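Trainee: I would like to go through some of the labels used for this model. For each one, please tell me what the label rests on.

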Amino acid sequence: MTRPLHVHPSILASDFTRLGAELQRIVSADAAHVDVMDNHFVPNLTIGLPVVEALQKVTPVPLDLHLMIEEVDQWGPRYAETGAHSVTFHVEASRDPRQLARDLRSAGSRAAMALKPGTPFADYADLLPELDMVLVMTVEPGFGGQSFMHDQLEVVREVRRAVGESGLDLAIQVDGGVDADTVVDAAAAGADVFVAGSAVFRGDDVAGAIADLRVGALRGARSQGDGEPGSGR
Ligand code: DX5
Ligand code: ZN
């Protein structure tokens, strides 16, 4: 089996004074990853619904919304209604993740659940049929620029095994500390959607950084006899 491999730059690391222009720099990406933080679920505060709505009007790529917020059962569907490609909620924040996933899909979005480091996947494995993607955080959520937590690769492997056994078509995303080196390990462990903020935006050559991530992801996946250079959205 070959899986398409997707790169989603996180605009958290981009220039917030010119988000529309920053999105134009990542046209070669598969989607833009947008980190919504509410200063309650995580200590940081970023952007909310009005800014996401504005980004939807100008973005050249689909938006992958990562909601690090409380009250996500209430607010998640509102984000889906903006025309999001996918909406990711944290299972730690949702009171009824099954219903939330259904609400997101009804609103026209793909539904994804995110697991913080330390959150046991096994407790939520029964939700897989309701989902299009699982996000395994490879840092504690809240801030960009942190180091990749290699011990989270075991969780990626566990989710990959469960997805394989289920026969479902689910993507596995990693987010946090992903760069041209760590992407190789993440892909080898079974991830297929790679979020990278600092690694994409820290230099001048954004397109080159995206290409480097694709090369690394392909190398990791091929080491397991898997993967194809995706761009299918
Ligand atoms: C962290 C965010 C990440 C962040 C990744 O809570 O969810 O998406 O932007 O940034 P880097 O790639 O710099 O670790
Ligand atoms: Zn994120």
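Trainee: Why is Arg102 called partly exposed?

Mentor: Buried means under 20% relative accessible area, exposed means over 50%, and partly exposed is in between (1.4 Å probe, protein chains only). Arg102 has a relative accessible area of 41%, so the value falls in between and the label is partly exposed. This is a predicted model, in which local features need pLDDT of at least 70 and side-chain atom pairs count only at pLDDT 80 or more, while totals for chains, interfaces and linings use all residues. Residues are numbered from 1 along each chain as its sequence is written, chains are lettered from A and ligands numbered from 1 in the order in which they are written, and side-chain values use heavy atoms, with hydrogens and water left out.

Trainee: What makes the contact of Arg102 and Glu130 a salt bridge?

Mentor: The term needs a side-chain nitrogen of Lys or Arg within 4 Å of a carboxyl oxygen of Asp or Glu. Here the N to O distance is 2.8 Å, so the pair qualifies. Arg102 is in helix H4 (residues 97-106) and Glu130 in the loop between strand S5 (110-115) and strand S6 (133-137), 28 residues apart. Helices (H or I, at least four residues) and strands (E, at least two) are DSSP runs, numbered from the N terminus. Glu130, at 11% relative accessibility, counts as buried.

Trainee: How many salt bridges are there in the whole structure?

Mentor: A search finds twelve. Another of them joins Arg214 and Asp30, at 2.8 Å from N to O. Arg214 lies in helix H8 (residues 206-222) and Asp30 in the loop between helix H1 (19-24) and S2, so this pair ties together parts that are 184 residues apart in sequence.

Trainee: Why does the pair Glu154 and Arg161 count as a salt bridge?

Mentor: The N to O distance is 3.9 Å, and the limit is 4 Å, so the pair counts. Glu154 is partly exposed at 42%, and Arg161 is partly exposed at 45%. Elsewhere, salt bridges that share partners join Arg98, Arg102, Asp126 and Glu130 into one network.

Trainee: How do you know which residues cover the faces of strand S1?

Mentor: In strand S1 (residues 6-9), His6 and His8 are on one side, Val7 and Pro9 are on the other, and all are buried. In a regular strand the side chains alternate between the two faces of the sheet.

Trainee: What makes S1 and S8 paired strands?

Mentor: Two strands pair if DSSP finds at least two bridges between them. Four bridges join S1 to strand S8 (residues 193-196), and the two run parallel, so they pair. In this pairing His6 stands opposite Val193.
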